[in-house]
Every structure is written in C-alpha cells, then in structure tokens.
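Please open the model in your viewer and keep the sequence panel beside it. The stops below say what to select next and what is to be found there.

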Amino acid sequence: MAKALEGVKILDFTHVQSGPTCTQLLAWFGADVIKVERPGEGDITRGQLRDIPDADSLYFTMLNHNKRSITLDTKNPAGKAILEELVRTCDVMVENFAPGVLDRMGFSWERIQEINPRIIVASVKGFGPGPYEDCKVYENVAQCAGGAASTTGFDDGPPLVTGAQIGDSGTGLHLALGIVTALYQRTHTGRGQKVLAAMQDAVLNLCRVKLRDQQRLAHGPLKEYPQYPNGEFGDTVPRAGNASGGGQPGWILKCKGWETDPNAYIYFITQAPVWAKICDVIGKPEWVTDPDYATPVARLPRLKEIFATVEEWTMTKTKFEAMEILNQHDIPCGPILSMKELAEDQSLRETGTVVEVDHPKRGKYLSVGNPIKLSDSPTEVTRSPLLGEHTDEILSEVLGFDPQRIAELRESGALGATRRLAAE
C-alpha cells in the first residue's frame, strides 16, 4: 500500500525538537526525509540527556524516526556543491536555524529559487516579523511569549509552563500542515513558496480560548472561572487553576489513595445535559430541582461547593472505578494518567500510539508513534538513523553519484567521517 507522501523528498536541516517533530511526522506519512548533519557531531540532541554511553539519546531517537542521515561539511566547496544538488532534487527544505543562518551559508531564498523554483522552504522561528524576530527562543520562552504561561497555574501562584511541548512540538505540527498545504498548492501553480511557523504564533493559536476570554472581560466577570463570585478580576485573563476553560465547568478531584499516589485524581466535568445523573451518582438527588443548583447559571457561583461534594464521592473510588461508573452514565471524566501508566497501556500499543523500537546501539525502547491515523496509509515506525549512516546511499540513490565520485568526495573531506552499522 502506497504511503500518503510517498515520492516527496524532504531536505531536513532541522535540529533539537521543533523542526524534527515536523519532519518526523512527514516521514511517518511516507516522505523520504534526508537529514543533513555536521560530520562528527550531528544534531546536538544525539548527545543531550544521554542515558546509555556511546548511544544516541532518547531525545534524538524519539524525534527522528523513519529518516535517513547524511553528513556534509557545507563549508567545504564540494560539500556545499552536494547541498546545492540536494536542493535541486528535493521538494521541501525544512530548517529551524537562527534567523540569517541560511543566508550566511549562501542559501538565501533568492538563491534557493534559482536552484529549484519548485522547492518549498519551511522554517520554524521564535517570533514572526517584528521587534523580536531576531531573538533566540526555546520551548518555555515560547510558552511565555505566546500567552500560555500567564494563563496557567493558580491565581495565588506564579505563571507556570506546561509539561506538554506546545512551543516546540506544537510549532512543528503547525509547520507540517503548512508544508502539506504548500505542496498541494504547488500542484496548481508549479511554484514553491516560503512557509513560516513562528513559535509565539503557534502557542497563541493553541491559547485562543484565552484570547477569547480577554475580550469577554470587557463585558463583566468570567463566571466559569474559580475567581467568581468572591474573587476580583483585573484587566487581563487570570490563571484559572484546573477550570476547564469552556462552557462545561470541570475540576481535578482526589480519588481513593491520593495520600500516597500523586496521580490518584480524576478530571470531572459537570456537563449540563447529565446534571441529573451526576446528582444521582453522588447522592444529591435533591439538587436536580433545587433552584440553587437546577440550572447552569445557578450553579456557577457554587462550583467550589459542588466540586467539594463530588470529591467526597470520588475519594471513595479509585480513579478507574470512578471512571467506569461515571461512563455508564455518560458523565464526562478522565483519569490523571502518569507516564508509567501510559507506557504500560496495551490499548495504546495496539493502536500504534505507543511503539517499541529496536535500535542497534541502545536496544529496545518505547516511543510515541504517529498520533494521526489514515485508513489507507498505515504508519510503520522505523528507528532513527545513526550519524551519517545513509551518506553513500543518498549520494547514490538520490543524486546518482557513482562509487568513484563518492570515494573522491569522501577523500576531499566533504562528507566527514561516518559511523557505520555493524553487520546485522
């Protein structure tokens, strides 16, 4: 069965997380992703947070599945010439260098267009055009600059960043959509174009409900927030703790065993259509007709009391027992699952959301698989490449170089030293 992006060649000039997230997703969908790395060291994450000596770190392996690696010294004239050939051959170039790096390498947008007018150049940057566009940005900086941190946490505490990598991986997902869109448009125009995903923009897009609430503040207090009715609202969206941020109030509640298990909690939503069922389950049938509780509007100023009462019930059940009971009544809820629980979840293994990968240096390890499922393009997750592992293969298969020319290039230093796989 053909893959969705089979035949698309991606020149991957990315490193760390945001760019590799994007190119890995495209590789999962069948694109031939050619990762260009510096001889001798490659992507910096190969050695970051390393847990096994002399093996690529999980940081690298979990972001670079299904790719091929070529080492090039682009400061070497012969190495730069190879890069030009790859630009001429590939459909997309993806990069997340600091602003201006490609230009200094001699690959400005104008030069790239001269080499290949059909190529799409996709970039991750920290900020879009404006006063901060030259600033260096990392994950947590993006969360702060994009509005996530100011609206995360509890009102009596400092801003918080989230454990989800919405700045890096979130931006990479946005960029992948931009690339696929540009590829589709090229089928009509025949031309390539630039695609930009700024980390600040991507985080703000994921925080759109908070921008919604900023505008609602002009018309009165945000009644679904825990500050209502006794707290004060200023002129900016406050931190809302574990409030749902939507029209259906929710909160994280303790479950049986919370005293010793830091994840013995459940998220509980008081959805209006199942209010009567909620009242029956928690032993408060009188709330169904009580005017102080019967309607969503009446319940808003009493949410703390309501959730405290619900919690008295959830504390008598494990999070899984509570979830089983609540789901029988279509009451929306979800257990707080730890990384250990997710890693051991067999259903996630069966769907390919969590996969086991075998690596020649580090052995078997778990990784996240493709979160997007296509019925006609199933994803096979293959291991990340060793540094320079596919150099000869790419020069031969993609650029058509013969063995003698490859040997000459290697002798010139254009390719650097490569790490070769032992016979498998």
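Begin by selecting V16, which is buried, with a relative accessible area of 19%, where buried means under 20% relative accessible area, exposed over 50% and partly exposed in between, computed with a 1.4 Å probe on protein chains only. V16 sits in the loop between β1 (9-13) and α1, helices (H or I, at least four residues) and strands (E, at least two) being DSSP runs numbered from the N terminus. Although V16 is not a glycine, its phi is positive, at about 60°.

Before going further, please note that this is a predicted model, in which local features need pLDDT of at least 70 and side-chain atom pairs count only at pLDDT 80 or more, while totals for chains, interfaces and linings use all residues. Residues are numbered from 1 along each chain as its sequence is written, and side-chain values use heavy atoms, with hydrogens and water left out.

Next, select α1 (18-28). Because 11 of the 11 residues of α1 are buried, this helix is largely enclosed by the rest of the structure; among the buried residues are S18, C22 and W28. Just after α1, G30 takes a positive phi of about 105°.

Move on to A31, in the loop between α1 and β2 (32-37). A31 is buried, with a relative accessible area of 6%, and it touches L5, V8, I10 and L26, leaving aside residues up to four places away in sequence, where contact means heavy atoms within 4.5 Å. If D91 is selected together with A31, the two C-alpha atoms lie 10.0 Å apart in space, although 60 residues separate them in sequence.

Now display the largest pocket, which has a volume of about 900 Å³. On a 1 Å grid over the protein atoms alone, a pocket is an open set of points with protein on both sides within 12 Å along at least five of seven lines, and lining residues have an atom within 4 Å of a point; the volume is the space filled by probe spheres set on the points, which are joined across faces, edges and corners. The pocket is lined by 26 residues, of which M62, M339, S367, V368 and G369 lie nearest its centre. Which element gives the largest share of this lining? That share, 4 residues, comes from α1. The lining divides into 17 nonpolar, 9 polar and no charged residues, with Ala, Val, Leu, Ile, Met, Phe, Trp, Tyr, Cys and Pro counted as nonpolar, Asp, Glu, Lys and Arg as charged, and the others, Gly among them, as polar.

For the next stop, select W258, in the loop between β7 (250-254) and β8 (265-269). W258 is partly exposed, with a relative accessible area of 27%, and touches A264, Y265 and M315, not counting residues up to four places away in sequence.

Finish with two points of backbone geometry. Most residues other than glycine have a negative phi, and most peptide bonds are trans. The peptide bond from Y228 to P229 is cis, with omega near 5°, and P229 is placed in the loop between α9 (208-216) and β7. D330, in the loop between α13 (319-328) and β9 (333-335), has a positive phi near 60° without being a glycine; D330 is exposed, with a relative accessible area of 55%.

Key
1 Å grid on protein atoms, 1.4 Å probe; cavity = no way out; pocket = protein on both sides within 12 Å on 5 of 7 lines; lining within 4 Å.
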